[in-house]
Amino acid sequence: MKKISIVIPAYNEEGNVAMIHQKIKEVFEGLHNYDFEIIFVNDGSRDNTQQKLEELSRQYNEVKFIEFSRNFGHQPAVKAGMDNAKGNAVISMDGDLQHPPELIPEMIQKWEEGYDIVFTVRTYPKEISYFKRKTSDLFYKLLSSLSDVNLTKGGGSDFRLMDANAVEVMRSFNEDDLFLRGLTSWMGFKQAGIDFKANERLSGQSSYNLKKMFTFAFTGITAFSVKPLYLAAYLGFLFSAISVIGYGAYVLHSFIAGTEISGWASLIMTIVFFGGLQLIILGIMGIYLGKIFKQVKDRPNYIIKNKNF
């Protein structure tokens, strides 16, 4: 009997963990040829998530948990679950029921057809505004164009199935800034995608805000590409050329028109403009240097405080 491991990061999900366990259990009751385990990763929750997980693990043998020493983030939590999973395939999904467990049989079917990685692509229902759909698509197109990995429309999502062989490769990565969607695409293997519509969050509030979205974008871009460094160099050449040509045209116009060349105004504007450009370029270089600084320390992606297996 093949075993499927379900990895679920949990951050302040005390109202959701019991329900998602029940939903997954109901799904596998219809899959008679498969055993399963659910690995909840408590990512430093501040509510009663850990107590709920301990209660569930005492009641059900299939429920396992990993407790972090503090909040390390969503991606390290998924990685920790994969590192400890024992299944022939591993499915990662969020703990707020926005990733529908009812899709698991279709993912397993694709896996049985020979696909090593089965990813899901989030689609938006009609009630979601046109602006949100378009900005989301634009966000991932920009992310794909600036990085060296191809993220599918809708961003792929962290709701995916990976064969044990692919999971073993994922375990070997020791990157500081984990970007699992990019790593999954970069790894190759035989992959297939499934569209899904996200459910409403069962309880609690999402911790994914605008700041985290931009952090996610910078992580994805800088983890897989040096294109921003080339972009910074191109911008430097471009604006240097514009400044030389523009100032030359201004001087020529002053001679022809017989007007005086304004001094302090053009000087101040030039200093402010190119000072800002230099800060942008230095900021991009600083991001890369910062990533190198953190990587050479070789600190672990997460620290486990407690686990029940």
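I started at lysine 2, which counts as partly exposed at 36% relative accessibility. My cut-offs: buried is under 20% relative accessible area, exposed is over 50%, and partly exposed is in between, with a 1.4 Å probe and protein chains only as cover. This is a predicted model, so I noted that local features need pLDDT of at least 70 and side-chain atom pairs count only at pLDDT 80 or more, while totals for chains, interfaces and linings use all residues. Residues are numbered from 1 along each chain as its sequence is written, and side-chain values use heavy atoms, with hydrogens and water left out.

Next I looked up the salt bridges (a side-chain nitrogen of Lys or Arg within 4 Å of a carboxyl oxygen of Asp or Glu). The structure holds seven of them. In one, the side chains of lysine 2 and glutamate 112 meet at 3.0 Å, N to O. That pair links distant parts of the chain: lysine 2 sits in strand 1 and glutamate 112 in helix 4 (residues 104-112), 110 residues apart. Helices (H or I, at least four residues) and strands (E, at least two) are DSSP runs, numbered from the N terminus. Glutamate 112 is partly exposed too, with a relative accessible area of 37%.

**Two further salt bridges**

I moved on to lysine 3, where the closest N and O atoms of its salt bridge with glutamate 37 are 3.6 Å apart. Lysine 3 lies in strand 1 and glutamate 37 in strand 2, so the pair ties together parts that are 34 residues apart in sequence. Buried or exposed: which is glutamate 37? I find it buried, at 4% relative accessibility, whereas lysine 3 is partly exposed at 24%.

I also checked arginine 160 and aspartate 158, whose side chains meet in a salt bridge at 3.1 Å, N to O. Both of these residues are buried.

Strand 1 (residues 2-10) and strand 2 run parallel, joined by nine bridges. Within that pairing I found isoleucine 8 opposite phenylalanine 40 in strand 2. I then followed the chain from strand 1 through helix 1 (residues 17-29) to strand 2, and this β-α-β crossover is right-handed (with the strands pointing away from the viewer, the path from the first strand over the helix to the second runs clockwise).

Strand 2 also pairs with strand 3 (residues 63-68), again in the parallel sense, over five bridges. There, isoleucine 39 has lysine 64 of strand 3 as its bridge partner.

I went back to phenylalanine 40 for a distance: its C-alpha atom and that of lysine 307 are separated by 9.8 Å, though the two residues are 267 apart along the chain. Lysine 307 belongs to strand 8 and is partly exposed, with a relative accessible area of 34%.

**Aromatic pairs**

Rings of Phe, Tyr and Trp (its six-membered ring) pair if their centres lie within 6.5 Å; planes under 30 degrees apart are stacked, over 60 edge-to-face and the rest tilted. By this rule I get three aromatic pairs. In one, the rings of phenylalanine 28 and phenylalanine 36 have centres 4.5 Å apart and planes at 15 degrees, so I logged the pair as stacked. Both phenylalanine 28 and phenylalanine 36 are buried.

Phenylalanine 68 and tyrosine 302 form a stacked pair as well, 5.3 Å centre to centre with 10 degrees between the planes. Phenylalanine 68 lies in strand 3 and tyrosine 302 in the loop between helix 10 and strand 8 (304-307), so the pair ties together parts that are 234 residues apart in sequence. I find both phenylalanine 68 and tyrosine 302 buried. Ring pairs link Phe68, Phe72 and Tyr302 into a cluster.

How many of the 11 residues of helix 3 (residues 74-84) are buried? I noted nine, so the helix is mostly covered; among them are Pro76, Val78 and Met82.

Last, I looked at valine 296 in helix 10 (residues 264-297). Valine 296 is exposed, with a relative accessible area of 63%. Together with Leu289 and Ile292, it makes a nonpolar surface patch of about 320 Å². Patches are made of residues with over 30% relative accessible area and no salt bridge; like charges are joined within 9 Å, nonpolar side chains (Val, Leu, Ile, Met, Phe, Trp, Tyr) within 5 Å. The areas come from the Shrake-Rupley method with a 1.4 Å probe; for residues, only the protein chains shown count as cover.

Technical notes
Two strands pair if DSSP finds at least two bridges between them.
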